[in-house]
Amino acid sequence: MPDPLLPDPRLIEKLFTRFEADKPDPKTELDFINPYTLVVAVALSAQTTDKAVNKATKPLFDLAYNPFDMVALGEEKLSAMIASIGLYRTKAKNVIKLSQILIDSYGGQVPLNRDALMALPGVGRKTASVVLNELNIEPAIAVDTHVYRVSHRLGIADATTPDKVEAQLMAIIPQKWLTRAHHWLILHGRYTCVARKPICESCIVADLCPKIGV
């Protein structure tokens with residue numbers, strides 16, 4: 001069960017009204033072509049910046065933007081193409097494995113449900129949440145380090161694990177914002193509410209933050 005936190009609904013309304021006014025239609029910063037390349041890009045992004053992933057996947061997706069071409073490319077060539085990102089050997093192995101499963105079990109298509117996605121090698125709950133949310137299949141909030149940090153600093157979550165923070169956020173954020181809340185919190189943490197020295201002077205919700213200047 002998530003830890004008992006019930007932030008003032010008026011705070012939630014003010015926060016997300018401002019986020020919406022600032023960025024009405026936020027999107028992932030990962031480049032992708034179709035559901036398959038989205039799954040691959042998100043899986044490759046673990047412990048790696050989106051910018052680094054995009055740099056690696058641009059030439060990769062020119063050659064292989066479906067599981068058939070990816071399997072034909074092979075693990076060795078894939079490893080070489082993504083060698084600039086963290087954990088590239090393990091990621092290459094997983095991408096080839098998940099691509100073969102998609103071919104064998106789903107006719108080369110990506111199954112757009114959580115259980116099937118999470119059963120793929122290298123695809124955990126966070127990756128599945130990002131994919132389902134980005135494709136407007138299922139509202140989800142993937143809790144990475146940015147979302148975890150920002151939600152705690154703003155006082156809208158206090159749980160101690162990503163899964164529990166996700167449960168708290170899903171319970172308190174109104175439906176009208178759920179599919180976009182994930183992006184707002186990530187982008188805010190990536191560019192404004194950064195880990196070491198938050199840029200409070202340019203924060204659009206600074207006056208609502210209980211930890212301004214932390």
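Analyst: Let's start with K27, which has 44% relative accessibility and therefore counts as partly exposed. This is a predicted model, so please read each value as computed from that prediction. The side chain of K27 meets that of D25 in a salt bridge, with 3.8 Å from N to O. D25 has 52% relative accessibility, so D25 counts as exposed. Salt bridges that share partners also join E29, D50 and R190 into one network.

Why might such pairs form at all? Side chains of opposite charge can pair when their charged atoms come close. The count for this model comes to eleven salt bridges.

Two of these involve helix 1 and helix 11. In one, the side chains of E13 and K176 meet, with 3.6 Å from N to O. E13 lies in helix 1 and K176 in helix 11 (residues 175–191), so this pair ties together parts that are 163 residues apart in sequence. With 35% relative accessibility, E13 counts as partly exposed.

In the other, E20 pairs with R180, and their closest N and O atoms are 2.9 Å apart. Because E20 belongs to helix 1 and R180 to helix 11, parts that are 160 residues apart in sequence are tied together here. Are these two partners buried or exposed? E20 counts as partly exposed because its relative accessibility is 28%. R180 counts as buried, because its value of 17% falls under the 20% cut-off.

Now back to the loop. T28 sits in the loop between helix 1 (9–22) and helix 2 (35–44). With 18% relative accessibility, T28 counts as buried. A polar atom of the T28 side chain lies 3.2 Å from the backbone nitrogen of L30. Leaving aside neighbours within four places in sequence, T28 is in contact with E134 and H183.

E134 leads us on to a pair of helices. Two packed helices are described by the angle between their axes and the distance between the axes. For helix 2 and helix 8 (residues 125–134), the axes come within 9 Å and cross at roughly 140°. The crossing of helix 2 with helix 8 is right-handed. Helix 2 brings L38, V39, V42 and A43 to this contact, while helix 8 brings T127, V130, V131 and E134. By type, the residues of this contact divide into six nonpolar, one polar and one charged.

Methods: Residues are numbered from 1 along each chain as its sequence is written. This is a predicted model: local features need pLDDT of at least 70, side-chain atom pairs count only at pLDDT 80 or more; totals for chains, interfaces and linings use all residues. Side-chain values use heavy atoms; hydrogens and water are left out. Helices (H or I, at least four residues) and strands (E, at least two) are DSSP runs, numbered from the N terminus. Buried means under 20% relative accessible area, exposed over 50%, partly exposed in between (1.4 Å probe, protein chains only). A polar contact is a pair of N or O atoms within 3.5 Å; within protein, one must be able to donate a hydrogen and the other to accept it, and residues adjacent in sequence count only if both atoms are side-chain atoms. Contact means heavy atoms within 4.5 Å. Axes are lines fitted to C-alpha atoms, for helices over the stretch in contact, and angles run from 0 to 180 degrees between N-to-C directions. A crossing is left-handed if the near helix is turned anticlockwise from the far one by less than a right angle, and right-handed if clockwise. Ala, Val, Leu, Ile, Met, Phe, Trp, Tyr, Cys and Pro count as nonpolar, Asp, Glu, Lys and Arg as charged, and the others, Gly among them, as polar. A salt bridge is a side-chain nitrogen of Lys or Arg within 4 Å of a carboxyl oxygen of Asp or Glu.
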